[in-house]
Amino acid sequence: MGILLKTVVILLFTLSSSFADISTFIKNDCATCHSFKEVKSDFTERIKRKASPLYYAGNKYKEEWLVLWLQNPTRIRPGGSFPPNHTIVTDEGDIIDDKTLDKHVSLSLPQAKEVASYLMGLKTKQELIDKIDYSPKKISKSSGKLNFVKFQACQSCHKDSRDEGGVSGPELYTAWNRLQEKYIVSYITEPELWDDHTMMPNKNLKKSRIQKLVDYLKLLGEENEK
Ligand code: HEC
Ligand code: HEC
């Protein structure tokens, strides 16, 4: 066999065997909690769901964030995947029972890079991304916050800083660093098209309102990076 042919054979073998590995790894180590295809069923699916779906991960996350987070996962959803399952009722109101929330598996740098690159290839729901057109505008912190907290009441479910906001939705002061901007716009516009059983209400907000909300999340994300 010529040296070139040998190299090609070895290369093909390595590529395909590493791909086989990653799918098996994902199937055994991630798909036990995260779904990798759309599940059509009734709301009991949402109650039992252990973690967010990942079959559209390539249209949702920023790859650099995935690589970092998978090595050092921090909590994004203060109340876990389905907050009522982790809530205890007390005289002072409902509180999250941290003991019922498990630590997330963490990966080495090479594993995190390979998994992130695999996830970025999962591009279901591309059509929702394709119809978004958003270009950032400047917003002041006070006007952004007023809109987020008072006018749209997003803060009842989401945190816009480490110490302020609701615990039933994912924290949003890190959203800009974690999520692709078109996904953020699309999710606020039509959450139910991303997830049949989303717990996020569609408030039929005007485009100009959504623009302000996303500009505010951008501002928070950029502050958070400093
Ligand atoms: C035992 C269940 C379980 C397994 C196994 C698991 N995860 Fe998770 N994952 C979770 C939960 C619960 C969360 C939400 C954590 C949070 O926000 O605090 C999560 C969050 C995530 C997130 C961020 C999701 C978001 O809210 O945007 C990513 C990305 C992720 N997991 C990827 C993976 C990958 C890749 C694997 C396989 C290596 C994996 N997970 C294995 C339960 C699991
Ligand atoms: C009633 C609670 C509630 C309100 C009010 C709410 N959300 Fe959400 N939101 C959620 C939940 C819960 C999710 C995650 C989807 C799920 O787990 O079903 C979510 C998801 C999101 C996401 C995607 C985040 C991710 O990690 O995938 C964005 C962006 C978002 N919300 C922005 C907003 C904005 C902006 C507002 C105000 C207009 C708002 N939300 C109001 C509960 C809420």
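Mentor: Donors are N, O and S atoms within 2.8 Å of the metal (3.2 Å for Na, K and Ca), and water is not among the atoms, so sites may look incomplete. This is a predicted model, in which local features need pLDDT of at least 70 and side-chain atom pairs count only at pLDDT 80 or more, while totals for chains, interfaces and linings use all residues. Residues are numbered from 1 along each chain as its sequence is written, chains are lettered from A and ligands numbered from 1 in the order in which they are written, and side-chain values use heavy atoms, with hydrogens and water left out.

Trainee: Which protein atoms are donors of the iron atom?

Mentor: NE2 of His34 and NE2 of His104, at 1.9 to 2.0 Å from the iron. His34 sits in the loop between α1 (3–29) and α2 (44–48), and His104, 70 residues apart from it, in the loop between β2 (93–96) and α4 (109–120). Helices (H or I, at least four residues) and strands (E, at least two) are DSSP runs, numbered from the N terminus.

Trainee: Why is His34 called buried?

Mentor: Buried means under 20% relative accessible area, exposed over 50%, partly exposed in between (1.4 Å probe, protein chains only). His34 has 15%, so the residue counts as buried.

Trainee: What is His104 called, and why?

Mentor: Its relative accessible area is 34%, so His104 is partly exposed.
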